[in-house]
Amino acid sequence: PSNAKLFLSHFRYRNPKLLPFSQAENIPMLDLSNMKLGLNSVWAIIAVHTKHRPILRLNISQNAVRDYGVYHLKDLLSSPSTVELNVASCQISSLALEKLDSSLSRLQKLDLGAASGSSGRNLLGPDGTRALSKLVDSSTHLESLRLVDNGLEGTGVIELGRAFGRSPSLRHLVFASNGLTPENCAAFLQPLQNLESLDLSGNALGPEALPGLVAFFARSRKLRSASLAHTLQPPELLPAIAEALRANPSLATLDLAHNPLEATGLDALAVCLPDLQIESLSLEATCRNPQTNARLLRAALAHRHLRVLNFASNPLPILEDSPFQTPNGCLRELDLSACLLTDSALPPLLDSLGHLSALQRLALANNLLTELSFEGLFLFGSSAPKLKKILLSQNRISPLHIKSLEKHLASKSDPSKTRASSELATKLSERQKLLERLNHLKTQNENLQQKTESYKTKTQICKADVLVIRS
């Protein structure tokens, strides 16, 4: 009974519109993810809900369904109304795909990958490439397919790429952490013409994959989003890819995080960046050279179209001059977490960021900031017209100061609350000055005590000398 109550509470939390049962014609979403369910439990719950109404979107990820469970769910999933299915980390193999190929012909979105934070996976293996090719060929409505850490490798990957190219509806493909090698990369990408987003992160693509990548980016006129995180091992690969991206006006989102690009690749990207139409750029953990990072930051923040920039885990120096060539009125989110920012490096950076009139979110977490930076952050939050969030976790700033800053940013639209927040900030600043004065007085007191002890020791020595002389 206790387990049943716990399950019911989780179920109600994830499916608030299902209990009590509504009278809608269908169930928009049934979420059973990560509920530690077995085959019989999943089957029974889905059977109860599909008895009278079809399920549009079904999520049974991170449950031990396995191949046998998928086989028994086949009849329940064959409804023409089901458009989305998530079976990530359900411990299924290629056998399950062979049983489902005809049942999923009307699906629009299918997730067979590994769920975030889950130790389980769907090991499809080399045989899974053939089953997936058959499934994609039979699915006339499939728009999004997610394949993460499925063990897809070998020559079957090339045939799988051809199946993706034959699909009339496939627009979004995630093929991360699979067996895409430099040798089969070009053949895999060559048929892909109509994709709008492609994720190849986690595939070790060396210099041999460069011609295929360059040709793909040069001809993919519909591509809006591309992820190459954890893929470009030699830094020399980026200049050629940047040149190919320059000829692609449709690309709006680019992820190059966790690639050792260093000075060679980042300088080439900085040169090509003004000609790109990118709106979201991720360069997390790409270079350890502070001067190179400063040059790229200047180029990125001066971009006319950039709205989101992730520059975390890249050390930054003290910016002696402004990092902007021209004010950027489009940037909304900026992530400078783990950039080794100190109290002395923050003021010139904030002065430069003051030009960003559209900035809504600034992440400064996991840096080396202390209470001395609070006043500058508070003034910056007051001057930025649209700023709503400043992340300061894992710094040396007290939770009281962080909470007061959050309240101030949340109440900028209310004049009365703004005045109260300003008064609170003034009191906190005065409190900080008093604490600093108290620490200074404590230091002076300790010095005086040390001098007193020294004088006492000298006095005792003198008394001993006097006794010796008298004797």
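Let's start with L189, which sits in helix α7 of this predicted model. Is L189 buried or exposed? Its relative accessible area is 0%, and since anything under 20% counts as buried, L189 is buried. So who are its partners? Setting aside neighbours within four places in sequence, L189 is in contact with L198, L200, G212, L213, F216 and R219. There's also R162 to look at: R162 and L189 are 27 residues apart along the chain, yet their C-alpha atoms are separated by 8.6 Å.

Now on to the aromatic rings. The structure holds four aromatic pairs, and we'll look at two. One of them joins F164 and F188: the ring centres are 6.2 Å apart and the planes stand at 85 degrees. Planes over 60 degrees apart count as edge-to-face, so that's what this pair is. Which parts of the chain does the pair tie together? F164 lies in helix α6 (residues 156-166) and F188 in helix α7 (residues 182-189), so the pair links parts that are 24 residues apart in sequence. Both F164 and F188 are buried. The second pair is F216 with F217, where the centres are 5.5 Å apart and the planes meet at 65 degrees, so this pair is edge-to-face too.

Next, follow the chain to some packed helices. Two packed helices are described by the angle between their axes and the distance between the axes. Take helix α12 (residues 346-353) and α13: their axes come within 10 Å and cross at roughly 0 degrees. Angles under 35 degrees count as roughly parallel, which means that α12 is roughly parallel to α13. On the α12 side, the contact is made by L346, L350 and L353, and on the α13 side by G376, L377 and F380. Sorted by class, that gives five nonpolar residues, one polar and no charged.

Helix α13 (residues 374-383) also packs against helix α14 (residues 399-410), at an angle of about 10 degrees and with the axes 10 Å apart. That angle makes α13 roughly parallel to α14. Here α13 brings F374, L377, F378, G381 and S382, while α14 brings H401, S404, L405, H408 and L409.

Key:
Residues numbered from 1 in each chain as written. Predicted model: local features only at pLDDT ≥ 70, side-chain atom pairs only at ≥ 80, totals over all residues. Heavy atoms only, no water. Axes fitted to C-alpha atoms, helices over the stretch in contact; angles between N-to-C directions. Helix = DSSP H or I, 4+ residues; strand = E, 2+ residues; numbered from the N terminus. Parallel < 35°, antiparallel > 145°, perpendicular 65-115°, else oblique. Contact = heavy atoms within 4.5 Å. Nonpolar A, V, L, I, M, F, W, Y, C, P; charged D, E, K, R; others polar. Phe/Tyr/Trp six-rings, centres within 6.5 Å; stacked < 30°, edge-to-face > 60°. Buried < 20%, exposed > 50% of the residue type's maximum accessible area, 1.4 Å probe, protein only.
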